[in-house]
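Thank you all for coming.

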Amino acid sequence: MMTLPRVLSLEDGQIIHTIPTEFYDRLRLLNDKATFNDHFLIENQKVNYRKVESPSELTNLSIKIGNDREEYFSIMLEKSVVSISRKYVNPEITEEATYTNERSMDINPVKALELVMDTSSIEVFIDGKAMSRTVYFDSPIKTIEIYSETKETKEVTLSDSN
């Protein structure tokens with residue numbers, strides 16, 4: 001699996017992952033930072049970059065990336081734990097005893113989530129931390145839904161690469 005190049009730095013003894021500025025230079029903005037409180041839906045758009053951010057801390061947020069066959073990849077933020085799951089994407093990988101369809105990471109506080117998608121991977125960048133997953137959908141992605149249990153205003157940036 002190939003991943004997006006990353007700029008690595010060290011802060012307080014931890015490795016920080018950031019997206020190179022050249023990546024942002026190749027993006028074509030598809031919206032003017034739409035705002036939402038509890039629900040945001042993207043349908044039938046070719047979007048391979050999205051950023052969800054808030055001036056205050058993000059909590060209790062879920063993102064569901066799916067197709068018309070009810071397959072989906074999920075990202076959950078509950079308090080300070082970010083989890084990603086490909087459990088409901090076919091084919092589910094179950095051969096390796098050490099392989100898991102779900103991963104999680106403690107991150108506190110969370111101000112922004114950046115998602116980068118290509119044909120077979122989804123990468124999640126959260127305030128200097130990164131998680132990635134191989135994902136094979138049986139049919140193209142059609143929807144991206146973002147839900148939040150909290151009412152603070154959040155911004156969504158959608159882009160496509162040139």
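**Starting from one loop**

D127 has its place in the loop between β12 (121–126) and β13 (129–134), where strands (E, at least two residues) and helices (H or I, at least four residues) are DSSP runs numbered from the N terminus. Before I go on, please keep in mind that this is a predicted model, in which local features need pLDDT of at least 70 and side-chain atom pairs count only at pLDDT 80 or more, while totals for chains, interfaces and linings use all residues. Residues are numbered from 1 along each chain as its sequence is written, and side-chain values use heavy atoms, with hydrogens and water left out.

Now back to D127, which has a positive phi of about 45° although it is not a glycine. With a relative accessible area of 36%, D127 is partly exposed, and by that I mean the band between buried, which is under 20% relative accessible area, and exposed, which is over 50%, using a 1.4 Å probe and protein chains only.

**Two further backbone details**

As background, most residues other than glycine have a negative phi, and most peptide bonds are trans. N60 is placed in the loop between β6 (49–53) and β7 (61–67), and at 24% relative accessibility N60 counts as partly exposed.

Which kind of peptide bond leads from N108 to P109, cis or trans? The bond is cis, with omega near -15°, and P109 itself is in the loop between β10 (102–106) and β11 (112–117).

S148 is found in strand β14, and it is buried, with a relative accessible area of 8%. The C-alpha atoms of S148 and L61 are separated by 4.5 Å, even though the two residues are 87 apart along the chain.

T150 belongs to the loop between β14 (141–148) and β15 (154–161). T150 is buried, with a relative accessible area of 18%, and beyond residues up to four places away in sequence it touches N37 and T59. The side chains of T150 and S148 are joined by a polar contact of 3.1 Å, a term that covers a pair of N or O atoms within 3.5 Å, where within protein one must be able to donate a hydrogen and the other to accept it, and where residues adjacent in sequence count only if both atoms are side-chain atoms.

T153 also lies in the loop between β14 and β15, and at 42% relative accessibility it counts as partly exposed. What does T153 touch, once residues up to four places away in sequence are not counted? The residues are T35, F36, N37, S54 and P55, and with N37 there is a polar contact of 3.2 Å between the side chains. T153 and S56 are 97 residues apart in sequence, yet 8.7 Å apart in space, C-alpha to C-alpha.

**Rings and charges**

F36 brings us to the aromatic side chains. K154 lies over the face of F36, at 5.4 Å from the ring centre, and the charged end of K64 sits over the ring of Y72, 4.4 Å from its centre; the criterion is that NZ of Lys or CZ of Arg is within 6 Å of the ring centre and within 35 degrees of the ring normal. F36 is buried, with a relative accessible area of 5%, and F40 is buried as well, at 14%.

**The whole chain**

To finish, I will step back to the overall picture. The secondary structure of the protein comes to 1 helix and 15 strands. Buried residues make up 45% of the 162 residues, and residues 24 or more positions apart account for 66% of the contacts with a separation of 6 or more. Taken along the principal axes, the C-alpha atoms fill a box of roughly 40 × 40 × 35 Å.

Key: Contact = heavy atoms within 4.5 Å.
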